[in-house]
Amino acid sequence: LDHESEERNILKAALSGYHQCVCDFKLNCLAALCIIMRQPVWVDYIACSIDSVIVNTITAYPPVTKKISYLGEIMSLLGRKTLCLIAGASRGIGRAISLAIGSCLAEDSDIILMSRDKSALENVKREILRKSPGVFVYICQCDLSKPSQETFLDCLRPLMNLRPNNHYDVSMVIHNAASIGPIDRPALKLMNSEELTNYFDLNLTSTILLNNAFFQLCEKDFSTERVCVNITSGAAYHAIKSLHLYSAAKAARDAFFRVLATEEPGIRVLSFNPGPVVTDMQVEIYSRTFDSDIKMWSRDGMQNQTFQTCDYVANKLMEYLRENTFQSGLFYDAKDQTVAFKQNQKLASEEKVVLAWDRTRDHLRVKQITLNKKVVVMSGKEKPVGGLKLVRAVRRERAKELRTIKSKEKRKRVAERRKLRATFGEDICPVQQPKTLENTREYDETIVLPNDEEEVYEENTDEIAPYFHMKTKPKVLLTTSPKAKVVSWKLCYEFHRCIPNSHVIGRKGISLKRLISLANSKNYTDIVVVHEDRRSPNGLVLCHLPDGPTAYFKMQNVKLPKDIKNCGKGTVFGNPELVLNNFSTRLGHTVARMLACLFPQDPHFGGRRVVTFHNQRDYIFFRHHWYEFKKDGTKAALKELGPRFTLRLKALQKGTFNPKFGQFEWILKRHEMETSRRRFFL
């Protein structure tokens, strides 16, 4: 058409007045008008039935795409008159979603809560009406483990006919009902066909039938938009031990809804993964799973609060529905993995372009690549390189760019989480704990739980118990290996300075068994023997008298007070306070109690002395401090008194010292026992 023709003006007027009903407007005509007229066109929203091929046709014209905004303002799925069905709404994530969506819908909206627990649904209904009195809430008690199309239609039809001739802006169904299944045995032990049938009836068949029954009643004329939300799981795409049936059901549901999104463009499908959440299902995983790694992962996530809360997941789902920018049928989760996946795909395509550009012209920043001469110019210096060096140079630059992009994304996520905490409180977005070897340690059955009656009884009746009941006063004998050198003797005298009621005695060629019998006759309660190698201490034997046990330690990183910077000097007095930290297993409790028996259990707080045995990754760090409180009393200043060393338990033997015929309770065998960096014994 001519630039100033009458037909062009007519088309321009028609197009500017036809912006509200784009759903019924032919998109190819819209694209043709945009291309012909070269005018910006603004629409309220375009239905999800837009053909991506036609949209790509529009974007294929650069002069036009700079002027045309063919999406315009996307209308939110919240804040409108809605009919919403929530399956599995009685507890956990379903309950949180029901409470969150109740306060996000417009007045005169209808919410149908479905579950088999009627009393729990009544509680959820009361909470929704207390926060949002303008919505109507109905209860549908139905057992989803017995799926039937007629049953679902009979349950939903009366509720949806309570308000006849009622038109909705949005009709939405949220599928949340699920169970964890038989996780107490591996996949090869699933032999009961009836058990499998019942599980898939609840987690797959009922979801499909309920979804079809709902949209059979909510036809196209029933509401303007139709939405289906599938609460899925990362287990559908990742192999997790013991979650065999759960993973299979979630994967099948995701596949079904992807096909539904393809076959029915008029239904917007959102597959939402909440991630690990603290719910009753998570507690069931911890209590029933047969796999120790999954049990430890579940326990650590709940204890360290690294799992999300139900309220946070519900608010994240509301964000997706409010923005209404998700692509129908795709997999989204609470951590925006789909968006990150798209960004990575885009980055990968850009990397190929950058790499091709580098090989033909100039490399980024200071590098220049010339393929015919195989020369890389760096900072003005020519260096001949081969093909491998050339590839490595390119990889370094690409890796640097990736690290920069990753750092920017991380800072952005941290800022968003900080903003959420400032707006909604700490519970909505808890501070994430970094993963370390300590909080991800392998599960150990010997870990002592708080108030363990069996452990308390053993500690009150063993051979060390009288020291903690203050019925026996410690008396410690300190000695060295035969022909010890100066450093070992100095360390013994530092022990004598640190341990009250201790005595340093030379061996003079006496065997350790003979020394133990002499110590028993003199009423000593413990013997500490410092061993050395190449004129420096390298081992320590702690023998409890009269009947043991005996512990063998490897000693390293020994520093005397003269080797410690700003070490305190002077005499010490009084019994020190004792700190035993991070001994969590039964073996750790035994070792810690043996070390505690060297010191009296009635500390003199006036002396302001503290002795610390800190266990970290099975290495026991010894420190000796003097402390002084500040004037306001809120903080204390520490002054190290020495000595300083590190112990590593090598063996624990019953009875007194007898390495040849003694009965060992525990021996460290490094090549057999240290199979993982996350496995600890103390």
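1. A crossing is left-handed if the near helix is turned anticlockwise from the far one by less than a right angle, and right-handed if clockwise. Helices (H or I, at least four residues) and strands (E, at least two) are DSSP runs, numbered from the N terminus. By that convention, α5 passes α6 in a right-handed crossing.

2. This is a predicted model: local features need pLDDT of at least 70, side-chain atom pairs count only at pLDDT 80 or more, and totals for chains, interfaces and linings use all residues. Residues are numbered from 1 along each chain as its sequence is written, and side-chain values use heavy atoms, with hydrogens and water left out.

3. Helix α5 (residues 92-102) packs on helix α6 (residues 118-131) at about 25 degrees, with the axes 9 Å apart. That makes α5 roughly parallel to α6 (angles under 35 degrees count as roughly parallel, over 145 as roughly antiparallel, 65 to 115 as roughly perpendicular and the rest as oblique). Axes are lines fitted to C-alpha atoms, for helices over the stretch in contact, and angles run from 0 to 180 degrees between N-to-C directions.

4. Arg 95, Ser 98, Leu 99 and Gly 102 of α5 make the contact with Val 124, Glu 127 and Ile 128 of α6 (contact means heavy atoms within 4.5 Å). These residues divide into three nonpolar, two polar and two charged. Ala, Val, Leu, Ile, Met, Phe, Trp, Tyr, Cys and Pro count as nonpolar, Asp, Glu, Lys and Arg as charged, and the others, Gly among them, as polar.

5. The axes of α8 and helix α9 (residues 244-263) come within 10 Å and cross at roughly 20 degrees. That makes α8 roughly parallel to α9. The crossing of α8 and α9 is right-handed. Among the α8 residues that meet α9 are Tyr 199, Phe 200 and Thr 207; Arg 253, Phe 256 and Phe 257 are among those on the α9 side. By class, this contact has 13 nonpolar, four polar and one charged residues.

6. Helix α8 (residues 193-217) also gives the largest share of the lining of the second largest cavity, four residues. About 40 Å³ of space lies in that cavity. Thr 207 and Arg 253 are among its lining residues, as are His 175 and Asn 176. The lining has five nonpolar, four polar and one charged residues.

7. The largest cavity holds about 120 Å³ of space. Its lining has 13 nonpolar, no polar and no charged residues. Phe 495, Leu 540, Leu 598, Phe 613 and Phe 645 lie nearest its centre.

Conventions. 1 Å grid on protein atoms, 1.4 Å probe; cavity = no way out; pocket = protein on both sides within 12 Å on 5 of 7 lines; lining within 4 Å. Points joined across faces, edges and corners; volume = space filled by probe spheres on them.
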